[in-house]
Amino acid sequence: MPSVSVFAVGKRGYTYGAANLSASIAHYAPDVKVNLYTDGVNLKYLKPQHVASFASIVTLDPSDYTTGDKLDPGKLKCRIADLITDGETMYVDADSIAVKDIRPMLKALQADGRDYITEVIPNYLPWASEAKVQAKVGKPNAQVHPIQSSWAFIRKSKFYQTVRHVSDAGMWSLSELDHKWGKSLPDELVYTTACAMEGRNPSWRNEMLFGNKIVAKNIAEVRDQFTFMTLYGNGGGRPHVRGIYIDMYDRLLHDVFKAKLMNHSFKSNYILNDKYLN
């Protein structure tokens, strides 16, 4: 069965989130291996039980997640295929948790046969328009699939050389973006461009509850529709995620850690307060 990979660099809220994600996966699917990739700085804040939930912990080289002296999460997410220790994995953002058993999803992704599968959301093109992507790849009729990269199934292949080329060769400059993502080139735009170049459709059904609008009123409805939920977007000021889902994140984790005879220490506010976009 494919592993799960979670990356936590920068502020400690991402390490807290990674611990919450790993605990939630183990609660519903205890035999799924979760690997943590980290800068190592904030591991000191985890309890031994949190650390033990990871099958492995890999310390990353700063060159993989910084540009100059600045944190560059887009660069890091474009290098996932090069950094993972398994041949295939499901990447999940550290600000997410599982809401049920993820094994059916993992098995279906593995059986699908494609080497890159992720969430595609119609009309989600905050970084550059479809026409701009088509012009960038030199194919005016290219199919453009707007990627939302909170999770992705990744199987090592030559496709990721194309991803690295788009990311590293300067195909896009920050000045070309319709909206900025700090000082980082958004990985979503890079993967969308790479898929357009190769004529790939990475689409999968909606597995992630983003919480920016009300689509399920209680935990049972969330589990009927989704496999994961996330503290999507910014955390400062008014968060993108509705309050009902922020509360649900903490209620679910309270039950997860109670079953482990632990306290839910890393509440949603710790993760939201440390978001990259803040």
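**Reading a sheet and a helix beside it**

Q: What is the strand order of the open sheet?

A: This is a predicted model, in which local features need pLDDT of at least 70, side-chain atom pairs count only at pLDDT 80 or more, and totals for chains, interfaces and linings use all residues. Residues are numbered from 1 along each chain as its sequence is written, and side-chain values use heavy atoms, with hydrogens and water left out. Strands (E, at least two residues) and helices (H or I, at least four) are DSSP runs, numbered from the N terminus. Two strands pair if DSSP finds at least two bridges between them. Here 6 strands form an open sheet in the order β3-β2-β1-β6-β9-β8, and the pairing is mixed.

Q: Which strands stand at the edges?

A: β3 (56-59) and β8 do; each has a single partner strand, so one side of each is left without a neighbour in the sheet.

Q: How many bridges join β6 to β9?

A: These antiparallel strands are joined by 5 bridges. One of the residues involved is E88, whose bridge partner in β9 is R155.

Q: Which residues of α5 are buried?

A: An α-helix has 3.6 residues a turn, so residues three or four places apart point the same way. Buried means under 20% relative accessible area, exposed over 50%, and partly exposed in between (1.4 Å probe, protein chains only). In α5 (residues 103-112), the buried ones include M105, L106 and L109. Their arc around the axis, taken from the directions to the C-beta atoms, is only 100 degrees, which puts them on the same side of α5. P104 and A111, on the other side, are exposed.
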